[in-house]
Amino acid sequence: RRRRAGKDQMAGKAKPKKHTAKEIAGKVAAATQNKGGGKAGVADRKGGAAGHAKFKCPQCGVQSPSIKSAEMHWDSKHSKLPFVPEDWTDTHAEHGGVTTQGVAVRGASKEKTLHQLSKTQSGQQKLKEIEQQKAAAKFQ
């Protein structure tokens with residue numbers, strides 16, 4: 001009799017063992033979840049001075065990441081009043097237009113490859129700067 005490969009057994013020669021949904025979900029969470037990173041990670045999770053949400057409700061102070069979600073909030077909580085997007089404060093603009101960079105997210109601060117840089121104009125400019133720096137270092 002042949003035994004079938006179970007969860008705790010390795011698969012046969014031609015059948016590679018499949019990844020479990022739990023394992024894949026764990027990898028996704030590790031790549032996208034904002035945890036760890038020491039002091040910089042704590043500051044990142046707090047969202048800096050501006051916080052991660054961009055817009056603030058003029059009526060109740062609830063924060064929303066986009067004007068679309070702000071409108072949905074307004075329709076459900078303040079439906080008797082008219083929605084005026086200009087009344088909502090842009091917290092990122094108030095604090096210099098910058099929020100935190102995602103220090104504690106594992107996949108956040110990956111260096112771009114030369115191929116990825118060559119696709120955009122700003123990337124091509126960066127490539128030229130890198131080449132100039134290499135050339136200058138070569139002659140020194």
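Residues are numbered from 1 along each chain as its sequence is written, and side-chain values use heavy atoms, with hydrogens and water left out. Because the model is predicted, local features need pLDDT of at least 70 and side-chain atom pairs count only at pLDDT 80 or more, while totals for chains, interfaces and linings use all residues.

The protein has six helices and three strands. These are DSSP runs numbered from the N terminus, with helices being H or I of at least four residues and strands being E of at least two. Read from the N terminus, the order of elements is α-α-β-β-α-β-α-α-α. Of the 140 residues, 16% count as buried; buried means under 20% relative accessible area, exposed over 50%, and partly exposed in between, with a 1.4 Å probe and protein chains only. The accessible surface comes to about 11,800 Å², and 54% of that belongs to carbon and sulfur atoms. These areas come from the Shrake-Rupley method with a 1.4 Å probe, and for residues only the protein chains shown count as cover. Among contacts (heavy atoms within 4.5 Å) between residues at least 6 apart in sequence, 47% join residues at least 24 apart.

The three strands form an open sheet in the order β2-β1-β3, with antiparallel pairing. Its edge strands are β2 (63-64) and β3 (89-90), each of which pairs on one side only. Two strands pair if DSSP finds at least two bridges between them. Strand β1 (residues 55-56) meets β3 in the antiparallel sense over two bridges, and K56 stands opposite T89 in β3. In general, strands of a sheet pair through backbone hydrogen bonds, either parallel or antiparallel.

F55 belongs to strand β1 and counts as buried at 16% relative accessibility. Leaving aside neighbours within four places in sequence, F55 is in contact with V62, Q63, S64, P65, S66, I67, W88, T89, D90 and T91. Residues up to four places away not being counted, S64 touches A53, K54, F55, S69, A70 and W88.

The largest nonpolar core has five residues in all: F55, C57, A70, W74 and W88. Such a core is a set of buried Ala, Val, Leu, Ile, Met, Phe, Trp, Tyr and Cys residues joined through side-chain atoms within 4.5 Å. The whole structure holds three aromatic pairs, and ring pairs link W74, F83 and W88 into a cluster. Rings of Phe, Tyr and Trp (its six-membered ring) pair if their centres lie within 6.5 Å; planes under 30 degrees apart count as stacked, over 60 as edge-to-face and the rest as tilted.

Side chains of opposite charge can pair when their charged atoms come close. A salt bridge requires a side-chain nitrogen of Lys or Arg within 4 Å of a carboxyl oxygen of Asp or Glu, and by this rule the count is one. The pair is E23 and K27, whose closest N and O atoms are 3.7 Å apart. Because they are four residues apart in helix α1 (residues 21-32), E23 and K27 are separated by about one helical turn. E23 is partly exposed, with a relative accessible area of 34%, whereas K27 is exposed, at 51%.
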